Amino acid sequence: MSSPCDPSEAPVGDVGGALLMIDSRLQAIYDEKAEVDPEYQRLLDQFAASLGPSGLDALLDGTCTLIYLYMKWLRLACEAHDQDVIETVVPTLVGTMRKMPQTFRPEVIPIMAGLLISSGLGLSPSLWRAQYGRWTDAEMNPLEGTAVLLAEHINRMSNDRDFATRMVTDALSGADKDY
């Protein structure tokens, strides 16, 4: 039986733009930059403003696609060790979110956990989220933060700071070759 949240029905969005944002945040973390560089934030704001509403929606969908891809990789890794991704990964990430109240206000954590769980179950996080209306401004930083936490978790598991980014760029490069 088909689900209304089937990933094949979901828009892929701007995965490249989302990956650029997530990777730059990861690199700042790895470089131990606690504060966001004001110049970077200005460029990010300028980039977001240049997208317009449809471009911003594409970036949101691209971020959800990344969350889906990361959770799929984690699900396969967990299954290889007879573990459940929801039981293994979600509590760790939610616990981390609770320790970051400036990024993850308590009221958005259930939504971000829902994105993780829907992805862990093989459902589209963007279609799952769409059931509850449009994205809110309060969910923008937590959405990005969720993708960053997932990518960092994968990088830590693989003992490679660039693994999560490379995994997606390799998949995108392979998709280009199919056409």
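Helices (H or I, at least four residues) and strands (E, at least two) are DSSP runs, numbered from the N terminus. The model described here is predicted, so local features need pLDDT of at least 70, side-chain atom pairs count only at pLDDT 80 or more, and totals for chains, interfaces and linings use all residues. Residues are numbered from 1 along each chain as its sequence is written, and side-chain values use heavy atoms, with hydrogens and water left out.

Asn159 sits in the loop between H7 and H8, and its phi is positive, about 60°, although the residue is not a glycine. Asn159 is exposed, with a relative accessible area of 75%; here buried means under 20% relative accessible area, exposed over 50%, and partly exposed in between (1.4 Å probe, protein chains only). Asp82 is found in the loop between H2 and helix H3 (85-88). For Asp82, another residue other than glycine, phi is again positive, near 55°. With 76% relative accessibility, Asp82 counts as exposed.

The interior comes next. A nonpolar core is a set of buried Ala, Val, Leu, Ile, Met, Phe, Trp, Tyr and Cys residues joined through side-chain atoms within 4.5 Å. The largest such core has 42 residues, and those with the most contacts inside it are Leu66, Tyr70, Met71, Leu116 and Leu150. At least two residues of this core are supplied by each of helix H1 (15-30), helix H2 (38-80), helix H4 (90-98), helix H5 (109-120), helix H7 (140-158) and helix H8 (163-177). H2 gives the largest share, 10 residues.

Not counting residues up to four places away in sequence, Leu116 touches Ile67, Met71, Val90, Leu93, Met97, Thr146 and Leu150. Thr146 belongs to helix H7 and is buried, at a relative accessible area of 1%. Leaving aside neighbours within four places in sequence, Thr146 is in contact with Ile67, Met97, Phe104, Met112 and Leu116.

How are two helices arranged against each other? Two packed helices are described by the angle between their axes and the distance between the axes. Axes are lines fitted to C-alpha atoms, for helices over the stretch in contact, and angles run from 0 to 180 degrees between N-to-C directions. H1 and H2 pack at an angle of about 100°, and their axes are 6 Å apart. The two helices, H1 and H2, are therefore roughly perpendicular to each other (angles under 35 degrees count as roughly parallel, over 145 as roughly antiparallel, 65 to 115 as roughly perpendicular and the rest as oblique). On the H1 side, the contact includes Val15, Leu19 and Ile22, while the H2 side includes Tyr40, Leu44 and Phe47. Its residues divide into 11 nonpolar, six polar and one charged (Ala, Val, Leu, Ile, Met, Phe, Trp, Tyr, Cys and Pro count as nonpolar, Asp, Glu, Lys and Arg as charged, and the others, Gly among them, as polar).

Cysteines complete the picture. The structure holds zero disulfides, a disulfide being a pair of cysteine sulfur atoms within 2.5 Å. The sulfur of Cys64 is 11 Å from the closest cysteine sulfur, in Cys5, which is too far for a bond. Cys64 is buried, with a relative accessible area of 1%, and Cys78 also counts as buried, at 3% relative accessibility.

Key:
Contact = heavy atoms within 4.5 Å.
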